[in-house]
Amino acid sequence: MTVLLAYDASEYNFQSILSIAHTITGLCELCISHNGHLPMATPPWPSSRPSPLVQICHGTPGLLLLLAVAKGNPGLKGYEDSKWDEAMRLGSERVWEEGLLSKGGGLCHGITGNAWPWLLLHEKFKGEEDRKPTTLYEGEPTSTSQHERLSADYFLSKALAFLLAARETQPSSTDSPYRMPDNPFSLFEGLAGTICAWAEACAVVTARLKLLEEEKGLTPKKSHEEGNSARNRGDILGFPGLGGMGPHSLL
């Protein structure tokens with residue numbers, strides 16, 4: 001689903017687009033009904049796990065990545081549902097509270113994998129005003145005092161906090177409360193993936209700092225066509241193997 005949405009959905013026929021949009025909404029409803037968690041299966045499999053999985057390969061971070069890809073896709077314009085934003089908010093809350101995983105800093109089931117969707121959501125929200133308070137699944141409006149608004153900086157702050165925490169994981173730290181990954185230097189389980197996540201974060205932060213310089217009049221403002229986002233400059237590749245920022249991100 002995520003790989004499909006990395007391409008321009010306008011290339012697909014109406015029925016395909018509608019099916020994609022309805023599938024995303026259905027996943028969001030499932031997430032909302034579980035207070036931000038995305039169960040592995042419905043009905044749930046018998047399990048001795050004390051808490052739901054919170055990792056990109058099984059849980060809510062994967063849904064956040066899907067929503068980051070879907071947001072702003074021209075083919076899906078007009079099909080977005082208010083439940084998408086509510087799932088982003090609830091899902092982000094659960095990942096923030098439960099996403100510092102003992103398995104360490106890897107992408108597949110580690111801290112940097114949980115942080116990466118927030119980097120993509122930051123890029124997709126950049127340039128927009130803070131969203132108005134979302135609507136709860138039951139239809140009751142939320143208030144700004146109850147929930148933070150969804151904005152580019154909301155997502156970036158969470159991503160950077162997780163990436164900073166990932167510095168304390170093995171093998172980059174010998175005195176670490178996190179266990180050594182099964183493949184400590186690999187892309188999806190180990191240090192290589194953590195480095196990729198930091199490289200992406202550096203591109204995002206550099207673009208954000210340049211925007212702040214423009215806003216303060218320290219540097220000339222760029223035109224809308226030039227863009228000052230890392231995405232427009234092609235610096236953002238997206239999650240390895242899944243993308244998230246266009247076809248080039250699938251490399």
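Helices H3 and H4 cross in a left-handed manner; a crossing is called left-handed if the near helix is turned anticlockwise from the far one by less than a right angle, and right-handed if clockwise. The model is a predicted one, in which local features need pLDDT of at least 70 and side-chain atom pairs count only at pLDDT 80 or more, while totals for chains, interfaces and linings use all residues. Residues are numbered from 1 along each chain as its sequence is written, and side-chain values use heavy atoms, with hydrogens and water left out. Helices (H or I, at least four residues) and strands (E, at least two) are DSSP runs, numbered from the N terminus.

Two packed helices are described by the angle between their axes and the distance between the axes. Axes are lines fitted to C-alpha atoms, for helices over the stretch in contact, and angles run from 0 to 180 degrees between N-to-C directions. For H3 (residues 60-70) and H4 (residues 82-98), the angle is about 140° and the axes lie 9 Å apart. In this contact (heavy atoms within 4.5 Å), Thr60, Pro61, Leu63, Leu64, Leu67 and Ala70 of H3 meet Trp84, Ala87, Met88, Gly91, Ser92 and Val95 of H4. These residues comprise 9 nonpolar, 3 polar and no charged, where Ala, Val, Leu, Ile, Met, Phe, Trp, Tyr, Cys and Pro count as nonpolar, Asp, Glu, Lys and Arg as charged, and the others, Gly among them, as polar.

H4 also packs against H6, at an angle of about 20° and with the axes 12 Å apart. H4 is therefore roughly parallel to H6; angles under 35 degrees count as roughly parallel, over 145 as roughly antiparallel, 65 to 115 as roughly perpendicular and the rest as oblique. The crossing of H4 and H6 is left-handed. Met88, Arg89, Ser92, Val95 and Trp96 of H4 make the contact with Tyr154, Phe155, Lys158, Ala161 and Phe162 of H6, a set of 7 nonpolar, 1 polar and 2 charged residues.

The axes of H5 (residues 111-125) and H6 (residues 152-166) come within 8 Å and cross at roughly 155°. These two helices are therefore roughly antiparallel to each other. Residues of the contact include Trp118 and Phe125 of H5 and Phe155 and Phe162 of H6. By class, the contact of H5 with H6 has 13 nonpolar, 3 polar and 2 charged residues.

Most residues other than glycine have a negative phi, and most peptide bonds are trans. In the loop between H2 (14-33) and H3, which holds Pro43, a cis peptide bond joins Thr42 and Pro43, with omega about -5°. Asn35, found in the loop between H2 and H3, has a positive phi of about 55° although it is not a glycine. A cis peptide bond also joins Gln170 and Pro171, with omega about 5°; Pro171 is placed in the loop between H6 and H7 (191-215).

The second largest pocket is lined by 14 residues, of which Pro39, Met40, Pro44, Pro52 and Leu53 lie nearest its centre. On a 1 Å grid over the protein atoms alone, a cavity is a set of points where a 1.4 Å probe fits but cannot get out, and a pocket is an open set with protein on both sides within 12 Å along at least five of seven lines; lining residues have an atom within 4 Å of a point. The lining of the second largest pocket consists of 9 nonpolar, 4 polar and 1 charged residues.
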